[in-house]
Each structure stands twice: as structure tokens, then as C-alpha cells.
Amino acid sequence: MPKKGGKHAEMGKEMQVQCKRAKVEAACPPSVMSFENPDSLFGSLISPIKQEVFFREYWEQKPLLLQRNDPLVAAYYQSLFQLSDLKELCSQGLYYGRDINICRCVNGKKKVLNKEGKVNYMQLKKDFDQKKATIQFHQPQRFKEELWKIQEKLECYFGSLVGSNVYITPQGSQGLPPHYDDVEVFILQLEGEKHWRLYKPTVHLAREYNVESEDRIGNPTHEFILKPGDLLYFPRGTIHQADTPLGISCSTHVTISTYQNNSWGDFLLDAIPGLVFDTAKEDVALRTSIPRQLLMQVDIADSTKKLSSLLRQLADRLENTRELRSSDMKKDFIMNRLPPCLGCDSDPLTPGGKLPKIDSKIRLQFRDHAIIMVEPDQENSVSTVEPPSHAWGGSVRCARETHMMGTEDDTTSEEGTSQQTHGLRFPLSYLDALKQIWSSSTVNVKELNLTSDEEKENLALSLWTECLIEVI
């Protein structure tokens, strides 16, 4: 998956007001995607394969190749990104490393041919034509609205960040050596043709990127040509390499990737600390001291029996309470995901419509962009409702243009202070009322599960101010 961050992540003031730039949106043919809801979008992406078949037979198990031979799909895919888009994009202030990498596979190794600073289109085209370099364009959804729409719906569908890269490779060339990734990958062939070879994983469902040597991977398990309108899926850990055949002017494809660091192991690492924190308040066994000098010992085998017993107690508590709270993973998702796609010309979301009163009927807006969290607090547990993702960055435009780009330091702002998570914080006594709003299609303010009308109205007003609800 395209990683968040990079040393040029915050370079270039040109990136700060993206929607004021000249648009880089190709004339788009009728969409072959269904944007009615996240479920229909994913269904149209993998059509004609049914979703239940996909998750039963392919997801995390084996590759899926869809060769469609459909001119309508091919035309739509080409509109998502084209080689011809690069000239206009380069005029908007792109940087090597941050926005674009150029590379070529030489003797089984990746050779990076980046220059320094801002990308010059003529130099880029020269390297493409003469050095047979592959152009890797990071996070094109920042510029292409149709990709924004697709990826925003996919983030809602998976509940996981969804990034993308465009790869443009000239004929008779290969950009990357055989390797595997730590993400689930969907590849859409946009222009030209690409020759693909897939190999049996050496690490099933890999947790990191790695290059593999030709003499280690054996013969391909799959070999085929992708043409415009075709789609390829393969699980993380699948070893792959691809080249543009001779006689094809160039190949353009986009990789849409998800589920990075989104395994059960990651979830347990995130949630277990909270479980231990809560349990220790009630179970004295977790508050008793560890043996003297335990931290000074190399071999703690004598203590494993005690640790095993404590872990079983935690498992029993979890089974009885059924509460396992994810905190950091939720925050990372809501802080870094795409905002609702309202169109580049839309004003940033601001409170509008009728003000909520005690006799109002309300409903949640952008349900797929709201999360309720309960997390430990210094004084008490609190409930946090995360606003639509645009509010993390202050505006719809800001969130889109920085999606999956990170910062120089993902935990520190330019001023050197830690970035604070945004959202509304309420006493734990508000949790039932928040769940009412989240789980109901509509709810009357006066029926919220709070003790006073003042609390009910104030809660509704707070959510309305953050554009989380609307009065109907």
C-alpha cells in the first residue's frame, strides 16, 4: 500500500488550495460503477463475480483475474488516469519522492532515477522515452475525482484505509523486480497492455514489503496479459512482476490497495492494553507486584506460568463482557481517510438547515464517517464521536489533498507539538444516547436516553455543529 509520509510530504504550497487549480478531470464516459452505497460500489468493481463468492474463494486466498473485453468498461477505466494527464499535473507543482517516483528494474533490482525537487514534465517524458523508466504517481485520488469517489466508498466498505498508485511503463520495460506487498491489491488496467507473472507466496499474508530473487520464486503460478477494462486481485504476500510487451506504446494501470496493518494481530496489539487497564481496576491479581529483579533476568521461564494464568483470566473476562476496545486503529482510520465526495466545487461542510430543538427529529449524516469510541481517561471513561473525516483537517479539500500522504513526522506538527485527535468528547453517561443516534434511522431529541431536556438538546446541538446530524 502506498505508505503515508515521506520527506517531501509537506513541501509545496501549491498543494494547499487544490480545488482552485485547473481541473485535471478527463471527459468521463458513463460510469460502470454503482455509487449508490459502499456495497453496490464493491459489487460493481468485481462484477460479474458475486461478493459472497469473492470472499469465500479469493479474499486472502488466491488471485482473481477478470478479463472483460468490454469497450464501455475500458473507456471508463481509461478516464480514471491517462499518460496525457501528466503534463497538466506537472504544471501544478509535483515533487519527486512525494508525488512521483521514476524507476526501472535492472538485473532483478529496482533502480530509482528520481531527480531533486520539483518535477519538470519535459525531463520526466525524456526519462520515460529514453531511459525506459516507469513513472509511479502517488495517490492520484488527490487529483482525480472519480478515483476519490471510488476509494471513499471502498474505505466505507472495508473500514480500512484505501490508497492507490498509478504505474506508467513504456514498451519493453519493467519498473519493479519480483516482490510482494503487505496489502490486498486490486489492479485496474487503464491503457495499453501489461504482461503479468504471479508466484506462490513465500510468506502467506505478509506483514511487510519484500523483494524476492528469481532463483527463489520458481515458476509462475499465473501468467497473462491485462488489457484496458481488466481487473486483477491478489492477496498480500503474492509475489508478482509485470512488464510492458514490445509493440505496446505504454501501459498504464492503477493499484488500489487496502488492509495494511489490519489483521487480528494488529487489532489485539491495539485493544489488549485497554482490556488490561480496565481489568486491573477490578482484579487485584493484575495489581500485585511482579517478582523482585524480574526485569533484570534474561530467562523468565519461571514466570510464564503466572503470565499464562493472567492471560486466561483476561480471556474469561472478555468472553463474559464481550468488550474489546480499539483505540489507536480507529483514530488512525478516521484521521487519515478520505472525506465524503461532494464534488470539488462544493463548499466545505458547514452546519446548515434547522437548528435542533427538544421537539426535533434528527438523523445521522455520513453514517459511514462516524465512529463512537470509549477509551480510558485520567478521571473517567469518555465517549468520543468522531466527526466526518473532513473535520480532521478542517475542510473537505484539505483532507482529500493530503490523503495517505502523511507528514514529515506522523506524530508531530510543523510547530513540533503532538497532533491531537479531533472529535467530540462526552461523559460516559452519554454513551447510550449516542448509540441511539448511531443505530437509528431517525430519533426524536426528546427520546434520547439522557436525564434532562437540557442535556438532550445540548447533545443534538453539539452534533449538529459538527455536521454529524441533520434536522428532518
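Which residues of H1 are buried? In this predicted model, the buried residues of H1 are Pro38, Ser40, Leu41, Phe42, Gly43, Ser44 and Leu45. Seven of the eight residues of the helix are thus counted as buried, so H1 is largely enclosed by the rest of the structure. The partners of these buried residues come from both helices and strands: they pack against helix H2 (51-57), H3, H6, E7 and E11.

The protein has 14 helices and 19 strands, and 48% of its 472 residues are buried. Among contacts between residues at least 6 apart in sequence, 82% join residues at least 24 apart.

How do the axes of helix H1 and helix H6 cross? The axes of H1 (residues 38-45) and H6 (residues 145-158) come within 8 Å and cross at roughly 110°. The two helices are therefore roughly perpendicular to each other, and H1 passes H6 in a left-handed crossing. On the H1 side, the contact is made by Pro38, Asp39, Leu41, Phe42 and Leu45, while H6 contributes Ile150, Lys153, Leu154, Cys156, Tyr157 and Phe158. Sorted by class, this contact holds nine nonpolar and two charged residues, with no polar ones. Pro38, Leu41, Phe42 and Leu45 belong to the buried residues of H1 and also take part in the contact with H6.

Attention now turns to the strands. Eight of them form an open sheet with antiparallel pairing, in the order E1-E11-E7-E13-E5-E4-E2-E3. The edges are strand E1 (64-66) and strand E3 (109-112), each of which pairs on one side only. From one strand to the next, the twist averages 25°. Within this sheet, strand E4 (residues 134-138) and strand E5 (residues 162-170) pair in the antiparallel sense over four bridges. Histidine 138 has asparagine 165 of E5 as its bridge partner. Helix H3 (residues 71-80) lies across strand E7 (184-191) and strand E11 (231-234), running at about 100° to E7. H3, E7 and E11 are also among the elements against which the buried residues of H1 pack.

Is leucine 113 buried or exposed? With a relative accessible area of 16%, leucine 113 is buried. Apart from its neighbours within four places in sequence, leucine 113 is in contact with Ile102, Cys103, Lys131 and Ala133. Leucine 113 and isoleucine 135 are 22 residues apart in sequence, and their C-alpha atoms are 9.9 Å apart in space.

H8 and helix H9 (residues 301-321) pack at an angle of about 90°, with their axes 11 Å apart. That angle makes H8 roughly perpendicular to H9. Leu275, Val276, Asp278 and Thr279 of H8 meet Leu314, Arg317 and Leu318 of H9. By class, the contact has four nonpolar, one polar and two charged residues.

Which residues is threonine 279 in contact with, leaving aside its neighbours within four places in sequence? The contacts of threonine 279 are with Leu286, Leu314 and Arg317; Leu314 and Arg317 are in H9.

The model also contains a three-strand arrangement. Here an open sheet runs in the order E18-E14-E19, and its pairing is antiparallel. Strand E18 (443-444) and strand E19 (469-471) are the edge strands, each pairing on one side only. Strand E14 (residues 361-364) and E18 pair in the antiparallel sense over two bridges, and valine 443 in E18 is the bridge partner of isoleucine 362. Helix H13 (residues 431-439) lies across E14, E18 and E19, running at about 75° to E14.

Terms used
Residues numbered from 1 in each chain as written. Predicted model: local features only at pLDDT ≥ 70, side-chain atom pairs only at ≥ 80, totals over all residues. Heavy atoms only, no water. Axes fitted to C-alpha atoms, helices over the stretch in contact; angles between N-to-C directions. Parallel < 35°, antiparallel > 145°, perpendicular 65-115°, else oblique. Left-handed = near helix turned anticlockwise from the far one by under 90°. Contact = heavy atoms within 4.5 Å. Nonpolar A, V, L, I, M, F, W, Y, C, P; charged D, E, K, R; others polar. Pairing = 2+ DSSP bridges. Buried < 20%, exposed > 50% of the residue type's maximum accessible area, 1.4 Å probe, protein only.
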